[in-house]
Structures are given as C-alpha cells and as structure tokens.
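User: Could you walk me through the side-chain contacts in this one? I have the sequence and the model open.

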Amino acid sequence: MASFNATRTLGNETRLLIDEGARKFMVTRAKDLQSANPDVLDFSQAVGCDLEIQEDKTELKQEDSNGNSVSYNPPRYEYSYSFGVKIRVSSPYFDEMSFDLSDGYITTGESPMNPSMQQNSGWNVHSSDSGYEANKYFECVKIGNEIKEAIERMKNSAPAQENKAPLPQAEAAKEEKVCPSCGAKTFPDQNGRCEYCGSAL
C-alpha cells in the first residue's frame with residue numbers, strides 16, 4: 001500500500017483513486033489507506049463502467065379551506081435523484097465495485113431533469129432547472145462521466161503483452177529437445193535454455 005501514489009482522485013464520499021505511474025487503481029471511502037488496506041487493481045483488470053440514475057418524485061400538496069391536505073390541479077411534484085456507479089473488473093475475488101456517488105437523493109425542484117444515457121457514453125441532462133440542489137446534481141453528472149472516461153482509458157491502454165499469454169515459451173517448455181552443446185535430452189527452461197548446461201536451444 002505504501003507504494004500506491006494517487007495521482008488522480010474522482011468521487012465524493014466513495015472515491016476512485018488512480019496511480020497513473022504504477023497503472024493501479026482502487027475504490028475506497030477510507031481516509032487512512034494504510035489502516036483500511038483496500039483492494040488495489042491493475043489497469044488491465046478494468047472491464048467497464050456503468051452509470052445509473054434513479055428518479056423519485058413526491059407529490060406536493062396544499063391545504064384547502066377546511067385544513068385538509070389536497071392535491072394541486074394539475075398535480076405538482078418535487079423530483080429527486082440518486083447516482084450510482086458500477087465499475088466492472090476482472091478479479092478472482094469479485095467482478096464489480098459499486099458505490100453511491102450522490103450519497104443519497106438530491107432534490108432538484110419541480111422540473112424533472114430528464115437524465116438519459118447514450119450507448120458507450122456518459123450521462124446527459126436535458127434541463128436547465130437551477131432549483132434546490134441542481135448544482136450538486138450537475139456535479140454528480142460531471143464526476144460520473146469522468147469516472148467512466150477514466151475506466152475506459154484504463155481498459156483501452158493495456159499494453160499488448162498484457163493481453164497475450166506467452167504461448168510459444170509455454171509450449172516450448174513442454175517439448176523435449178537434445179542440447180547441441182552437451183548432448184543431453186532436456187526440457188527448455190522459461191528462457192529456452194538447456195536445464196543442464198544453460199546453452200540456448
């Protein structure tokens with residue numbers, strides 16, 4: 001953990017930490033990484049990122065002349081939204097890292113924000129509503145899109161050698177050969193050399 005040097009941090013309470021030099025990343029709420037010891041993954045383990053927005057609406061009521069709570073005509077609603085991030089990974093222990101980006105619901109007022117997702121893209125918003133916590137809403141949209149972009153960049157930047165198993169050497173190691181130097185029958189080591197005299201085969 002001491003070797004992890006976060007060069008980029010994205011998120012609010014739960015954050016995506018990226019060490020671009022070591023090509024590593026983690027997701028954690030912890031402030032003290034040494035004590036928490038969160039899982040550290042390699043860029044090559046990034047599979048993708050899914051963003052989710054859940055909309056909730058609450059009907060607003062008014063009081064009539066008798067003191068009763070009644071609906072407006074037409075009905076009026078107050079809208080709230082929560083933002084979730086799911087980072088898909090390739091790991092022998094788990095296949096996703098999910099967290100709440102908004103830390104609960106964000107109330108934006110009476111105009112729906114009409115969020116939508118485009119395939120292979122981030123969140124889009126089709127409203128200029130500036131009521132209540134709209135600024136916090138737009139900040140979550142921005143951070144969510146940045147996290148998705150960062151995961152996509154990790155996934156697409158894995159060196160070619162990380163994506164290819166060393167098949168030739170693995171197959172060569174299984175094939176018995178006669179060493180031209182010492183004449184022994186040998187199985188080449190991982191460097192393709194005689195296990196007895198060390199000569200190249």
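Analyst: A word on terms before we start: a residue is called buried when its relative accessible area is under 20%, exposed when it is over 50%, and partly exposed in between. Please also keep in mind that this is a predicted model.

User: OK, so is Asp42 buried or exposed?

Analyst: Asp42 has a relative accessible area of 16%, which is under 20%, so Asp42 is buried.

User: And which residue does Asp42 form a salt bridge with?

Analyst: The partner is Lys24, with the closest N and O atoms 3.5 Å apart. Asp42 belongs to strand S4 (residues 41–42) and Lys24 to strand S3 (residues 24–28), so the bridge ties together parts that are 18 residues apart in sequence. Lys24, with a relative accessible area of 30%, is partly exposed.

User: How many salt bridges are there in the whole structure?

Analyst: The search finds 7 salt bridges. One of them joins the side chains of Glu110 and Arg76, at 2.6 Å from N to O. Glu110 sits in the loop between strand S8 (106–109) and strand S9 (115–117), whereas Arg76 is in strand S6, so this pair ties together parts that are 34 residues apart in sequence. Both are partly exposed, Glu110 at 36% relative accessibility and Arg76 at 31%.

User: Which ring does the charged end of Arg76 sit over?

Analyst: That ring is the one of Tyr72, and the charged end of Arg76 is 4.3 Å from its centre. Elsewhere, Lys57 lies over the face of Tyr77, at 4.4 Å from the ring centre.

User: Switching to aromatics, how many aromatic pairs are there?

Analyst: The structure holds 3 aromatic pairs. In one of them, the ring centres of Tyr81 and Tyr137 are 5.2 Å apart and the planes stand at 80°, so the pair is edge-to-face. Tyr81 lies in strand S6 (residues 69–89) and Tyr137 in helix H2 (residues 134–156), so the pair ties together parts that are 56 residues apart in sequence.

User: Are those two tyrosines buried or exposed?

Analyst: Tyr81 counts as buried at 0% relative accessibility, and Tyr137 counts as buried at 0%. Tyr137 also forms an edge-to-face pair with Phe138, at 5.7 Å centre to centre and 85° between the planes, although Phe138 is partly exposed at 31%.

User: Which residues do the ring pairs link into a cluster?

Analyst: The cluster consists of Tyr81, Phe83, Tyr137 and Phe138.

Terms used. Residues numbered from 1 in each chain as written. Predicted model: local features only at pLDDT ≥ 70, side-chain atom pairs only at ≥ 80, totals over all residues. Heavy atoms only, no water. Phe/Tyr/Trp six-rings, centres within 6.5 Å; stacked < 30°, edge-to-face > 60°. Helix = DSSP H or I, 4+ residues; strand = E, 2+ residues; numbered from the N terminus. Buried < 20%, exposed > 50% of the residue type's maximum accessible area, 1.4 Å probe, protein only. Lys NZ or Arg CZ within 6 Å of the ring centre and 35° of its normal. Salt bridge = Lys/Arg side-chain N within 4 Å of Asp/Glu carboxyl O.
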